[in-house]
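Let's take a walk through this protein chain together. Have a look at the sequence and the fold first, and then we'll go through the inside, the surface and the links between parts.

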Amino acid sequence: MRISIITTVAFVALAVSSAADARAARIKDLTTVRGVRSNPLIGYGLVVGLSGTGDTRRSQFTQQSLANLLRRLGLNLNDARLDARNTAAVMVTAEIPPFTESGEEVDVVVSALGDARSLTSGTLLMTPLKGADGNTYAVAQGQLVVGGYEVDAPFASVRKNFPTSARIPGGATIERAVPATFVEDGKVLLTLNEADFTTAGRMVDAIEAEVGQGVANAISPGQIELTLPEEAADNPVSFLARVEALDVTPDAPARVVFNERSGTVVVGGNVTLGPAAVAHGNLNVAVITQFGVSQPGPFARRGQTVVVPNTSVAVDEEEQEMVTVPATTTVDELVQALNALGASPRDLMAILEALRAAGSLKAELQIL
């Protein structure tokens, strides 16, 4: 038997050549408008109609909630004798999109709170959904849609995905609208999804070239202030639609991203490499175990047959010649230079970190 402790990792490298640098994108896709945001909602409710897969007596809050609900409906019962395995306590979450009015419907996510095994075939009872301020903004109710299942049999079970989480499309009705204001004192604030001085400057130039000078002002690398012209004061939506449709080429930073867990190496398009010489050798350690049998001789009165392992350790260090890596200006050349070394993903991580420390790699290293 041969046991090797050499680690192998899947390799995924993303390389974008300088000819395919970050292309132009709409301002709409690069920024968000201050005041235009969704609001999360949360609620506690009960799901009924389960086929014996609900909460057990260990989930005391489920029994208490069910008893309180039945009392409000006019039933008087003994809590100690209540055992409803067809009921499960759940947390209900949703988000109100911006500019949503009363009466509109939004999707909700229902997640088991107790020890229920499955929410399949369940129905959510009327559940008020509250915001961070404690006010009720929506009411959820409806049939659950579960994307998994669980089947139990004696000494065996089959489970797919997570049957303790479900969705209700359009399961919540908005009862109170959340006011959203994006214009304050005739100004609109755009927030860049990724703050950058160069990108902000290009946005200001593109906006002023389209709608006129003095309209846009970059107050920081992450914020652009727009002053509504007089003709757009009564119709700011059309003005913002023109601005959002403008194309701007964002400036991408030189960055190399490592994911140690999956062995992924992602190289950005603006990464360059100065001249360097690299020597990287692999150390392979193999543990080899062979089993032999030891038994007493014929007609022996004592002794027993045993299995005796014989283990040996072999260490092999591969010799690597020093490879000269020329100065590169594109990611294609960088990848070709590193591939010439025959490096694995983990080797590439070590090599790129060493090149960065030596001052040859002109990029930011980010480890996930």
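## The largest core

The largest nonpolar core holds 25 residues, and Ile27, Ile207, Ile224, Leu226 and Phe239 are the ones that touch the most other members. A nonpolar core here is a set of buried Ala, Val, Leu, Ile, Met, Phe, Trp, Tyr and Cys residues joined through side-chain atoms within 4.5 Å. Buried means under 20% relative accessible area, exposed means over 50%, and partly exposed is in between (1.4 Å probe, protein chains only). At least two residues of this core come from each of H1, S14, H3, S16 and H4, and H3 gives the largest share, with 6 residues. Those labels are DSSP runs numbered from the N terminus: helices (H or I) have at least four residues, strands (E) at least two.

This is a predicted model, where local features need pLDDT of at least 70 and side-chain atom pairs count only at pLDDT 80 or more, while totals for chains, interfaces and linings use all residues. Residues are numbered from 1 along each chain as its sequence is written, and side-chain values use heavy atoms, with hydrogens and water left out.

Take Ile207: apart from its neighbours within four places in sequence, Ile207 is in contact (heavy atoms within 4.5 Å) with Ile27, Gly212, Ala216, Leu226, Val243 and Leu246. There's also a second, separate core of 23 residues, with Val47, Leu124, Leu129 and Ile174 among them.

## One face of a helix

Which residues of helix H4 (residues 236-244) are buried? They are Pro236, Phe239, Leu240 and Val243. Looking down the axis of H4, these buried residues fall within an arc of 95°, so they line one face of the helix. That arc is taken from the directions from the helix axis to the C-beta atoms. The background is simple: an α-helix has 3.6 residues a turn, so residues three or four places apart point the same way.

And what covers them? The cover over the buried residues of H4 includes helix H1 (27-30), strand S14 (187-192), helix H3 (197-211) and strand S16 (223-227).

## Leu129, inside the second core

Leu129, one of the residues of the second core, sits in strand S8 (residues 123-130). Is Leu129 buried or exposed? Leu129 counts as buried because its relative accessibility is 0%.

Leaving out neighbours within four places in sequence, the contacts of Leu129 include Leu41, Ile42, Gly43, Val92, Val108, Tyr137 and Ala172. Thr93 is 36 residues away from Leu129 in sequence, yet their C-alpha atoms are 7.6 Å apart in space.

## The chain as a whole

Stepping back, the protein chain has 6 helices and 26 strands. Of its 368 residues, 32% are buried. If you take contacts with a separation of 6 or more, 72% are between residues 24 or more positions apart.

## Out on the surface

The protein chain exposes about 21,800 Å², and carbon and sulfur atoms supply 52% of that. These areas come from the Shrake-Rupley method with a 1.4 Å probe, and for residues only the protein chains shown count as cover.

Tyr44, Phe61 and Leu113 make a nonpolar patch on the surface, with about 250 Å² of accessible area together. Patches are built from residues with over 30% relative accessible area and no salt bridge, joining like charges within 9 Å and nonpolar side chains (Val, Leu, Ile, Met, Phe, Trp, Tyr) within 5 Å. Leu113 lies in the loop between strand S7 (105-112) and S8, and Leu113 is partly exposed, at 39% relative accessible area.

## Salt bridges

How many salt bridges turn up in the whole structure? A search finds 7, where a salt bridge is a side-chain nitrogen of Lys or Arg within 4 Å of a carboxyl oxygen of Asp or Glu. In one, the side chains of Arg58 and Asp115 meet at 3.2 Å, N to O. Arg58 is in the loop between strand S5 (39-48) and helix H2 (60-72) and Asp115 in the loop between S7 and S8, so the pair ties together parts 57 residues apart in sequence. Arg58 counts as exposed at 68% relative accessibility, whereas Asp115 is partly exposed at 24%.

Another joins Arg242 and Glu210 (3.4 Å, N to O). Arg242 lies in helix H4 and Glu210 in helix H3, so this pair ties together parts 32 residues apart in sequence. Finally, salt bridges that share partners join Glu194, Arg255 and Glu364 into one network.
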